[in-house]
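These are my notebook entries on one protein structure, written down in the order in which I looked things up.

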Amino acid sequence: MYCKPDFKPDSKPDSMIRIFRRNAAILVAFTFLLGATSAQTPHAKSSAEASVQQELVRTENGFFEAWKTKDQAYFREHMLENGIFWGDAGTFSRDQQLAEQQASAKVCTVEGYGLSDFGAIPLAAGAYLLTYKAEEYATCNGEKAPVHMNGSSIYVFKAGRWQAIYRAEVALKNP
């Protein structure tokens, strides 16, 4: 979801950069590790993996619907307390993301959105990486938000449901 360009996180920039670098390093390591294993052992998704992917897609769509309808409760219920969001405007803790969503609700109008090209990769027991493409039709502070985005989320199964611990969204330069 589009973050207002003028939103500034409350925490120190240096600590947010360290969080970003640590999480980026983890994602790069997972990518190389999973890329090597999937190249050696191609397999069809099991029905359990397909079921998990459907649930993750439903949960991710819920984030976009909550953005559109300005539903703060959905974000609180589906993002872990130590979760982070990363995008063009920077890295945000869960609390900062909730504050940004609340501020965004006052200045943004979301006409619609569409998600496609989903991929789900198991990372460990109870943890998945979900990737997707998004089209967002929104106006914030009188300016059109970028339409074409790439997104990814890392979900963990906790408290009986899938919850996001990491979410990222970046605008595509040449869609």
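**Entry 1: the surroundings of Phe 118.** I began with Phe 118 and listed its contacts, leaving out residues up to four places away in sequence: Phe 118 touches Gln 53, Val 57, Asn 61, Leu 130, Thr 131 and Tyr 132, where contact means heavy atoms within 4.5 Å. I noted that this is a predicted model, in which local features need pLDDT of at least 70 and side-chain atom pairs count only at pLDDT 80 or more, while totals for chains, interfaces and linings use all residues. Residues are numbered from 1 along each chain as its sequence is written, and side-chain values use heavy atoms, with hydrogens and water left out.

Phe 118 sits in strand β3, residues 108-124; helices (H or I, at least four residues) and strands (E, at least two) are DSSP runs, numbered from the N terminus. From Phe 118 to Thr 131 the chain runs 13 residues, yet their C-alpha atoms are separated by 5.5 Å.

**Entry 2: the protein as a whole.** I then stepped back and counted four helices and seven strands, which follow one another along the sequence as α-α-α-β-β-α-β-β-β-β-β. The protein has 175 residues, and 42% of them count as buried. Of the contacts between residues at least 6 apart in sequence, 61% join residues at least 24 apart.

**Entry 3: helix α2.** How far apart are the end C-alpha atoms of helix α2? They are 32 Å apart, and this agrees with the 33 Å that the 23 residues of α2 (residues 47-69) should span at 1.5 Å a residue, because the expected span is 1.5 Å times one less than the number of residues. I listed the buried residues of α2, among them Val 52, Gln 53, Leu 56, Val 57, Phe 63 and Phe 64. As a reminder to myself, an α-helix has 3.6 residues a turn, so residues three or four places apart point the same way. After α2 comes Lys 70, whose phi is positive, near 65°.

**Entry 4: the nonpolar cores.** I looked next for nonpolar cores, meaning sets of buried Ala, Val, Leu, Ile, Met, Phe, Trp, Tyr and Cys residues joined through side-chain atoms within 4.5 Å. The largest has 25 residues, of which Leu 56, Phe 63, Phe 75 and Tyr 155 touch the most other members. Two or more residues of this core come from each of α2, α3 (72-78), β3, β4, β6 (148-158) and β7 (161-171), and α2 gives the most, with seven residues. Apart from this core lies another of nine residues, including Ile 84, Leu 123, Val 156 and Tyr 166.

**Entry 5: aromatic pairs.** Rings of Phe, Tyr and Trp (its six-membered ring) pair if their centres lie within 6.5 Å, with planes under 30 degrees apart counted as stacked, over 60 as edge-to-face and the rest as tilted. By this rule I counted nine aromatic pairs. The rings of Phe 64 and Tyr 113 have their centres 5.6 Å apart and their planes at 35°, so I recorded the pair as tilted. Because Phe 64 lies in helix α2 and Tyr 113 in strand β3, the pair ties together parts that are 49 residues apart in sequence. Phe 64 is buried, at a relative accessible area of 0%, whereas Tyr 113, at 23%, is partly exposed.

Phe 118 came up again here, since Phe 118 and Tyr 132 form a tilted pair, 6.1 Å centre to centre with 40° between the planes. This pair joins strand β3 to strand β4 and so ties together parts that are 14 residues apart in sequence. Ring pairs link Phe 64, Trp 67, Tyr 113, Phe 118 and Tyr 132 into a cluster.

**Entry 6: the disulfide.** A search of the whole structure gave one disulfide, defined as a pair of cysteine sulfur atoms within 2.5 Å. It joins Cys 108 and Cys 140, with their sulfur atoms 2.0 Å apart. Since Cys 108 lies in strand β3 and Cys 140 in strand β4 (residues 127-140), the pair ties together parts that are 32 residues apart in sequence. Both Cys 108 and Cys 140 are buried.

Note on methods: Buried means under 20% relative accessible area, exposed over 50%, partly exposed in between (1.4 Å probe, protein chains only).
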